[in-house]
Amino acid sequence: MALGLFRVCLVVVTAIINHPLLFPRENATVPENEEEIIRKMQAHQEKLQLEQLRLEEEVARLAAEKEALAREAEEGQQQNESRTAWDLWSTLCMILFLVIEVWRQDHQDGPSPECLGGDEDELPGLDGAPLRGLTLPDKAALDHFYERCIRGATADAARTREFVEGFVDDLLEALRSLCNRDTDMEVEDFIGVDSMYENWQVDKPLLCQLFVPFIPPEPYHFHPELWCSGHSVPLDRQGYGQIKVVRADEDTLGCICGKTKLGEDMLCLLHGKNSLLRPGSEVEDPLCANGSPYLNTMQVMKWFQTALTKAWHCISHKYEFELAFGQLDTPGSLKIKFRSGKFMPFNLIPVIQCDNSDLYFVSHLPREPSGGTPASSTDWLLSFAVYERQFLRTTSKALPEGACHLTCLQIASFLLSKQSRLTGPSGLGNYHLKTALLHLLLTRRAADWKAGQLHARLHELLRFLEKSLLEKKLHHFFIGNCKVLETMGLPEAVRRAEPLNLFRPFVLQRSLYRKTVDSFYEMLKNAPALISEYSLHIPSDHANLPPKAVVL
């Protein structure tokens, strides 16, 4: 036992003594390949450093690209935000502009001369002096001018109307005799309108305007569609309408026979079996454009001119004068030529009554400055001529005896006519003058139209026209004017329609507007000289002056 332990201890001691780390040998040397190892380690270290530099450059590049993308995204977002802000700002500016424009129009409508009932001194001032400081002749000069020139020149108006009406009666009777009641249009009695029948005609030669209503043959009838009937129309078509030609068996308003299938043993009491259209049996509507159910103004013009020509050939042997068309582009513009060389023009205008009112759709009117033209051949102009005559007649009954309202209109029309001959026609016409007078008649007191107020009322009329021209706004007297009495019988759709601006063409045509304004002020400038010159002329055939004109 003891011997075994001694051996183990001896082995341990021997191992410890011989361990190279505890007791290195004195002659021990560095391995021969140590320098090579160090060199490799240095090379590896350099390689690792190069790799580290490359990785750092790669990381820096990626970071730069990421930063650039972030910057681009931020700039794009800023641009979108700025664009959105600009669009929003533009929209807000447009809304603000429209609100200001509506407010301005409403504000100007309030204090305008047409809404005032006081003296002319209460009229709102415009920039600069009224009428540019131009003055009119005094009351005595105006009265003298009217008595010597206008009143005498219109002395034969009644005789002219009587002669034209007698001839037109005969002409239309001949036209009816030539028409086939089953296939041709039926012509009704004429209606006298405009200045000759309102007694303010001053131009020579005297011109009668006559409406000739016509209706279609059975089973057709006209169905008028106003521009204000519910659907929106362009601004240039306001005041127009269309005439739909409908067969009686196609008009299923209030009847369900055209919308449902009736049994074989059922019969509609309004539309029998024989009146129903069979498939493929289409009938061409009279005077309509091809493929359209609406009445065509060009077709009506051709039909009316042809019918008048045939009617004249039937009765020409009874008269000792010739009849010719005045304007080829205006149906019914006729001219009587006497053997003495004199002539007498008049207009027969084919019209269609709007429902049961005194409104009439007119295919063509004598050319009026800035009156515009219809957008298509199926657009018909709505005429208020009969209502205008009724309004003047009713208003005249409430005015003092010898009222000056028609005198004002006659003098203004005379000045405008003479100025048009000097400088050519402008955008201002007689209808604008009459519209301005109607507005003033509606708002002025009856006592303001005494004969002694001629100078003041004429000045106010011209002042009203000046303000309307400068604002480029003259509203139609009847359309959208709720001040007109309901007893006039205007259709409710017309009363509630948006006001129609008769001066809208001036907004679109700057050259026409500038010419009109210049011509207007030139007319005012020439007024004293014209009135003075024509006051000296006394027509030899008007020695005995008739009573002052009144509305029939």
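What follows is a chat about a predicted model of one protein chain.

Reader: Hi! What should I know about the model before we start?
Author: It is predicted, so to speak of its local features we need pLDDT of at least 70, and side-chain atom pairs count only at pLDDT 80 or more, while totals for chains, interfaces and linings use all residues. Residues are numbered from 1 along each chain as its sequence is written, and side-chain values use heavy atoms, with hydrogens and water left out.

Reader: Fine. How many helices and strands does the chain have?
Author: There are 13 helices and 10 strands. They are DSSP runs numbered from the N terminus: H or I with at least four residues for helices, E with at least two for strands.

Reader: And what share of the residues is buried?
Author: Of the 552 residues, 39% count as buried. Buried is under 20% relative accessible area, exposed is over 50%, and partly exposed is in between, using a 1.4 Å probe and protein chains only.

Reader: Let's talk rings. How many aromatic pairs are there?
Author: The count is 23 aromatic pairs. Rings of Phe, Tyr and Trp (its six-membered ring) pair if their centres lie within 6.5 Å; planes under 30 degrees apart are stacked, over 60 edge-to-face, and the rest tilted.

Reader: Take Phe321 and Phe338: why is that pair edge-to-face?
Author: Their ring centres are 5.7 Å apart and the planes are at 65 degrees, so the pair counts as edge-to-face. Phe321 is in the loop between helix H6 (297-315) and strand E6 (322-325), and Phe338 is in the loop between strand E7 (333-337) and strand E8 (343-353), 17 residues apart.

Reader: Which of these are buried or partly exposed?
Author: Phe321 is buried, at 10% relative accessible area, whereas Phe338 is partly exposed at 28%.

Reader: Where do charges sit over rings?
Author: Lys335 lies over the face of Phe343, 5.1 Å from the ring centre. The rule asks for NZ of Lys or CZ of Arg within 6 Å of the ring centre and within 35 degrees of the ring normal.

Reader: Back to E8. Which strands does it pair with?
Author: Strand E3 (residues 208-215) runs parallel to E8, with 6 bridges joining them, and Pro213 stands opposite Val351. E7 is antiparallel to E8 over 5 bridges, with Phe343 in E8 as the bridge partner of Lys337. Strand E9 (residues 360-362) is also antiparallel to E8, over 3 bridges; there Gln353 partners Tyr360. Two strands pair if DSSP finds at least two bridges between them.

Reader: What's going on in the hairpins?
Author: The hairpin of E7 and E8 has 5 residues between the strands, and Gly341 takes a positive phi near 105 degrees. In the hairpin of E8 and E9, with 6 residues between the strands, Asp355 has a positive phi near 55 degrees.

Reader: Is E8 covered or open?
Author: Mostly covered: 9 of its 11 residues are buried.

Reader: Now helices. How does H9 sit in the structure?
Author: 11 of the 14 residues of H9 (residues 430-443) are buried, so this helix is largely enclosed by the rest of the structure. What covers its buried residues includes helix H5 (195-198), helix H7 (385-398), helix H8 (405-423) and helix H10 (454-471).

Reader: Last one: where does H13 bend?
Author: H13 bends by about 45 degrees at Asn526, and Pro528 follows within four residues. The bend is the angle between axes fitted to the seven residues ending there and the seven starting there.

Key
Contact means heavy atoms within 4.5 Å.
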